[in-house]
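Please keep the structure in view while reading.

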Amino acid sequence: NAGYAAALRRASAANVVALDDWSSEAKRHFDADTFPLGMTLTRRNDTPPSPCISVTSAGESFAVSRAALTLQGSEWLLLPPDVHAIVARIHASHAPLVDTLGRAPVMGVKTGDNGSFFLDVGHVRANTIETIDGIQVPLSAVCRCVRGRDVRRWTIGEPMWMLWPPAGGWPNPPRWVERFAEARGVEVDSLQLSYVRPEHVGIKVVWKDLSRGLCAAVLEDSVRLGDRNIPLVPNQTLYAIDAATLDEAHVIAALLNSTIVNVLAIAIAERAKDSYFRYFGRTVARLPLPAVVNASASWSRLLRAARRAAESPAAMQDIDRTVAVLYGVSSEEHERLASFLRKRLGLAGDA
């Protein structure tokens, strides 16, 4: 499902006879960390291949129709027929997230040089922080930056202190900026963020770009320090989607963390090491998402469950039941999807 292989998939789909996905057991065949796929094809001038393709993936063997190899785009789903039927039905009856929410995910802030922007803070004072090398930085010029390593499903850890320059940098840099740049051996003009968007500030739902399952958490707009609000922003190892309210953010996080949305995500996500997947913004933007009306019964149930999910495992069950109703998925179908998800994430032995 790698983006760079799209042309190969389009060119070969009509001639594929069998696909062997070795990603979950690559070390049996290769010494390096690889995500190999064995492809058996016919020559173009040979008899047209069967309408069904033989697939082996995550220890399962099954046949899929050629038409069922993809749903949208060029990604090969490699889903067992019963799972594919559920996933295809969901895609047919629900609009993509980007259309349902009317907004698209964005990558987090890129500094271009974390060494110059991340701050090792020795002291925090009323109006400034002091770095361990003695530079005083006004609180108005800093933020707290959340990285992928800080995020777990539902929760975030301690964010980094980071320089937060004005758009375009400092046209008339104050003396402290000059001292800061000199201490780091960079030009003042280089102290500009490489990528920053308005969506980075405000209430957001964030998830890691690389994880074992889609893991979303709510990121508030700021953290309080004395009488100041310090912006809370995501790092480039996260993707984020902005929310109008904190309640909406919790509802979106509940949807993204649900079993069904996780299945929809790994069906098209790119593989990574050890049953991890890449949850790019463009991938999540395409996931079919139900519209949940503010203050509806479903909204209220998801909101209450999401608020307690970090401490209560039972809350996840409430979320899954509510999301299943929104997608029109029966309890038997949901159990099948959950079993499929555990196997694809290498968690088949877990409860």
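## The chain as a whole

The model is predicted. Its chain contains 11 helices and 21 strands, and the C-alpha trace spans about 75 × 50 × 35 Å along its principal axes.

Of the 351 residues, 49% count as buried. The chain exposes about 16400 Å², and carbon and sulfur atoms supply 51% of that area. Among contacts between residues at least 6 apart in sequence, 67% join residues at least 24 apart.

## Helices α6 and α9

Two packed helices are described by the angle between their axes and the distance between the axes. For helix α6 (residues 246-257) and helix α9 (residues 297-308), the axes come within 8 Å and cross at roughly 85°. Angles of 65 to 115 degrees count as roughly perpendicular, and α6 and α9 are therefore roughly perpendicular to each other.

On the α6 side, the contact involves Asp 247, Glu 248, His 250, Val 251, Ala 254 and Leu 255. They meet Trp 299, Leu 302, Leu 303, Ala 306 and Arg 307 of α9. By type, the residues of this contact are seven nonpolar, one polar and three charged.

## Helix α5

In helix α5 (residues 175-184), the buried residues are Trp 176, Val 177, Phe 180 and Ala 181. They lie on the same side of α5 because they cover an arc of only 135° around the axis. An α-helix has 3.6 residues a turn, so residues three or four places apart point the same way.

The cover over the buried residues of α5 includes α4 (114-117), β6 (118-119), β9 (136-138) and β13 (160-163). Just after α5, Gly 185 has a positive phi of about 70°.

Key
Residues are numbered from 1 along each chain as its sequence is written. This is a predicted model: local features need pLDDT of at least 70, side-chain atom pairs count only at pLDDT 80 or more; totals for chains, interfaces and linings use all residues. Side-chain values use heavy atoms; hydrogens and water are left out. Axes are lines fitted to C-alpha atoms, for helices over the stretch in contact, and angles run from 0 to 180 degrees between N-to-C directions. Helices (H or I, at least four residues) and strands (E, at least two) are DSSP runs, numbered from the N terminus. Angles under 35 degrees count as roughly parallel, over 145 as roughly antiparallel, 65 to 115 as roughly perpendicular and the rest as oblique. Contact means heavy atoms within 4.5 Å. Ala, Val, Leu, Ile, Met, Phe, Trp, Tyr, Cys and Pro count as nonpolar, Asp, Glu, Lys and Arg as charged, and the others, Gly among them, as polar. Buried means under 20% relative accessible area, exposed over 50%, partly exposed in between (1.4 Å probe, protein chains only). The arc is that of the directions from the helix axis to the C-beta atoms. Accessible areas come from the Shrake-Rupley method with a 1.4 Å probe; for residues, only the protein chains shown count as cover.
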